Amino acid sequence: MEARVTAHARYTIADIDKRLYGSFLEHLGRAVYTGIYEPGHPTADENGMRRDVLDLVRGLDTPVCRYPGGNFVSAYNWEDGIGPKSERPTRLDLAWRTAESNQVGIHEFADWAKAAGTEMMLAVNLGSRGLDDARNFVEYVNHPGGSYWSDLRRKNGQADPWNVKLWCLGNEMDGPWQVGHKTAVEYGHLANETAKALRAFDDSLELVVCGSSHSDMPTYPQWEATVLEETYDQVDYISLHMYFENYEKKTSEFLALPEKLDRYIGTVGGVIDYVKAKKRSKKDVRISFDEWNVWYHERRSDSKRMKEWDWPHAPVLLEDVYNFEDVLQVGCILNTFIRRADVVRIACIAQLVNVIAPIMTAPGGAAWRQTIYFPFQFASNHGRGTALRLDVDCAHYDADIAAGVSYLDIAGVHDADAGTLTFFAINRHGEEAMTIDLCVEGFGKAKSVEHTLIKHDDLEARNTKDAPETVVPVKANGATISGNGAQVTVPPYSYSMIRITL
Ligand code: AHR
């Protein structure tokens, strides 16, 4: 099969906000306890944080990390996680039916985030709590001193404020499963009043209001319209979530799901424009896609187990073991975000460690990279710069979710500072190799080209504790300079990163 892709220096989408490669850590299962935090572990630092995990997180170069939830945040009292650890209460977490020891709270997470080289994106509880709790938390985190909450932070050992800019106004408030679930009008009103109070403290905060939990919600997309009508002037982002599953779908159907993601983004972009026009506003609201990933491998058995268990602390939960097929899917999802970089400014892979995550740990033992670690790492490390509007000429197929799905899923990024053009390409054809002609114009002459490939003959191949390198990227020899661009042949069902140095 042949594909022809044209990139021109003048055809751009937007400058990519580096926070497109954000991540998410929730107090859920073993994400925190025996994930990032395990005081007795041989690699633990003086704060009890696992250095082996920190190294793998740094490898992803994720610029922002959302915390502490997720569903967890909607019944969370942040004050339980401050002060001497021995005095912190154990609470029941209603979202996941577990016990929360509170040995990790905002201080420990802030230290971890600094060590990981990532900024904090914090969520306030608008489920069981509200405006007052939110403004106290923001004061605790961001005020230098001389007030009740900021002085308490200082007393607890943190003299300088953390100056967190990005705040989520609750989590998935459209979901009936959410503690304190609300209607769009109720939530919109509360979010607006909370945003006003936070802005009275600091108008430069960036605030994220909850959109739909996914695009199959019965309230979607009216939820977005109502919530934005209530909050438009006060918020900067609307949050969307989407998880991808493959319960007995053909791979071609599974890999077509990003078309649904694309439509979801397009629709919500339209709703934002509608509310903007209705309000005669000059201001733009953008999308924060702050939960996305493949999630299904353990989902049904987890729901069953959860109903039966007796409030365990840090149990195995949502520990999906990803396969090679998921590499292709994660590559297509990230490409969709790059192609929508004009409206999607923040996106967070959900989650980061152990819980539907690229990084796994064994308690007391090793940490390793799941298959999906690699496409995320490549996009985050090399997908910075300007997103290019590519012209793609390739055969396509009809899937249940959409007609005309291109066998080639590709996104291109120009990094003017580094002098590179990077293309992330997924061959969605299961039998045919594909020769891709990359015609690039207006960037000057291509000097060299590198091709990195992720390929496995078994779509089910996984990285595990005992075989952590089953699916890994390799340097391929197949790419050559051709004219101003390059030509590369990629195998069936494969992920490629093609980097042209200008
Ligand atoms: O990431 C797992 C869960 O998925 C989050 O807690 C929730 O926000 C979403 O439903």
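Which residues do ring pairs link into a cluster? They are Trp78, Phe137, Tyr140, Tyr148, Trp149 and Trp167. A word on the model before going on: it is predicted, so local features need pLDDT of at least 70 and side-chain atom pairs count only at pLDDT 80 or more, while totals for chains, interfaces and linings use all residues. Residues are numbered from 1 along each chain as its sequence is written, and side-chain values use heavy atoms, with hydrogens and water left out.

**Rings**

The structure holds 21 aromatic pairs. Here, rings of Phe, Tyr and Trp (its six-membered ring) pair if their centres lie within 6.5 Å; planes under 30 degrees apart are stacked, over 60 edge-to-face, and the rest tilted. Tyrosine 220 and tyrosine 264 make an edge-to-face pair, because their centres are 5.3 Å apart and their planes stand at 80°. Tyrosine 220 sits in the loop between strand E9 (206–210) and helix H6 (222–231) and tyrosine 264 in helix H8, so the pair ties together parts that are 44 residues apart in sequence. Helices (H or I, at least four residues) and strands (E, at least two) are DSSP runs, numbered from the N terminus. Both tyrosine 220 and tyrosine 264 are buried, where buried means under 20% relative accessible area, exposed over 50%, and partly exposed in between (1.4 Å probe, protein chains only).

Phenylalanine 254 and tyrosine 296 are edge-to-face too, with centres 6.3 Å apart and planes at 65°. Phenylalanine 254 is buried at 0% relative accessibility, and tyrosine 296 is buried at 9%.

A charge sits over a ring if NZ of Lys or CZ of Arg is within 6 Å of the ring centre and within 35 degrees of the ring normal. Arginine 299 lies over the face of tryptophan 295, 3.5 Å from the ring centre, and the charged end of arginine 300 is over the ring of tyrosine 247, 3.6 Å from its centre.

**Pockets**

A pocket is an open set of points on a 1 Å grid over the protein atoms alone, where a 1.4 Å probe fits, with protein on both sides within 12 Å along at least five of seven lines; lining residues have an atom within 4 Å of a point. Volume is the space filled by probe spheres set on the points, and grid points are joined across faces, edges and corners.

| Pocket | Volume | Lining residues |
|---|---|---|
| Largest | about 890 Å³ | 36 residues |

E19 brings the largest share of the lining, 4 residues.

The peptide bond from tyrosine 67 to proline 68 is cis, and so is the one from alanine 350 to glutamine 351. Glutamate 248, in the loop between E10 and H7, has a positive phi of about 60° although it is not a glycine; at 83% relative accessibility, glutamate 248 is exposed.
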